[in-house]
Amino acid sequence: MELMVATEGMYTGQFVYCGKKATLTIGNVLPLKQVPEGTIVCNVEAKVGDRGAFARGSGCFAVVISHDEDKGTTRLRLPSGGKKTVNSQVRAQIGVVAGGGRTDKPLLKAGRAYHKYAVKRNCWPKIRGVAKNPVEHPFGGGNHQHIGRPSTVSKEAPSGRKVGLIGARRTGRLRGVKKLGQDKD
């Protein structure tokens with residue numbers, strides 16, 4: 001028995017086949033070189049045998065863009081939108097990771113957020129710097145909750161002062177059209 005990522009459409013009692021002779025059905029694990037271009041895959045390995053590194057979050061998937069038989073590599077489009085070239089021998093699971101749309105429903109109350117982060121790490125609740133005292137944060141203190149200094153700070157600042165926008169090249173809203181870098185393939 002092996003723990004694996006559940007894909008959308010899997011069911012209890014389903015037989016899951018792994019290996020290069022497995023059929024191209026949802027939940028099965030195949031080497032990428034056996035997978036045709038345009039196939040939606042998830043839980044893709046970064047290196048051969050590492051048991052899955054990319055597209056593992058709920059609702060995530062990667063798309064096989066192209067195969068290069070000469071080099072033995074495969075191009076993937078990752079959930080971030082970036083493209084990655086991996087060895088064609090690496091394995092991937094067919095389909096989309098289950099649990100998509102999990103973040104669409106609001107948490108609604110503090111108790112749900114508390115339990116959500118209690119199992120993760122100590123990063124909740126997040127208290128704003130301006131709400132603290134001056135001994136606890138550079139933005140703390142004062143008779144009104146205001147920063148009272150520029151929020152941008154140098155990369156060379158000592159730790160403790162380095163809060164806010166660290167080494168910012170620019171600040172403010174992104175205005176104008178974004179230039180998308182078109183790739184050559």
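**Figure 1. Contacts of Leu32 in the predicted model.** Leu32 touches Val44, Val64, His67, Thr74, Leu76, Val86, Ser88, Val90 and Ala92, with residues up to four places away in sequence left out; contact means heavy atoms within 4.5 Å. This is a predicted model, in which local features need pLDDT of at least 70 and side-chain atom pairs count only at pLDDT 80 or more, whereas totals for chains, interfaces and linings use all residues. Residues are numbered from 1 along each chain as its sequence is written, and side-chain values use heavy atoms, with hydrogens and water left out.

**Figure 2. The largest nonpolar core.** This core has 19 residues, and those with the most contacts inside it are Leu32, Val41, Val44 and Leu76. Strand 2 (40-42), strand 3 and strand 6 are the elements that give two or more residues to this core. A nonpolar core is a set of buried Ala, Val, Leu, Ile, Met, Phe, Trp, Tyr and Cys residues joined through side-chain atoms within 4.5 Å. Buried means under 20% relative accessible area, exposed over 50%, and partly exposed in between (1.4 Å probe, protein chains only). Strands (E, at least two residues) and helices (H or I, at least four) are DSSP runs, numbered from the N terminus.

Figure 3. Strand 3 (residues 62-68) and strand 4 (residues 73-77) run antiparallel and are joined by five bridges; two strands pair if DSSP finds at least two bridges between them. His67 has Thr74 of strand 4 as its bridge partner. Four residues lie between the strands of this hairpin, where Gly72 takes a positive phi near 70 degrees. Strand 4 is also joined by five bridges to strand 5 (residues 83-87), again antiparallel, and Lys84 in strand 5 is the bridge partner of Leu76. The hairpin of strand 4 and strand 5 has five residues between the strands, and Gly81 takes a positive phi near 100 degrees.

Figure 4. Asn43 counts as buried because its relative accessibility is 12%. Ala55 is found in the loop between strand 2 and strand 3, with a positive phi near 55 degrees. The relative accessible area of Ala55 is 9%, so Ala55 is buried.

**Figure 5. The largest pocket.** The volume of this pocket is about 300 Å³. A pocket, on a 1 Å grid over the protein atoms alone, is an open set of points where a 1.4 Å probe fits, with protein on both sides within 12 Å along at least five of seven lines; lining residues have an atom within 4 Å of a point. Grid points are joined across faces, edges and corners, and a volume is the space filled by probe spheres set on the points. The lining has 14 residues, of which Met4, Val29, Asn43, Arg51 and Arg91 lie nearest the centre of the pocket. Strand 6 (residues 91-94) gives the most to the lining, with three residues.

**Figure 6. The second largest pocket.** About 180 Å³ of space lies in this pocket. Its lining consists of Arg102, Thr103, Lys105, Pro106, Leu107, Arg112 and Lys116.

**Figure 7. A cis peptide bond.** The bond from Trp124 to Pro125 is cis, with omega near 0 degrees. Pro125 lies in the loop between helix 1 (110-118) and strand 7 (152-153).
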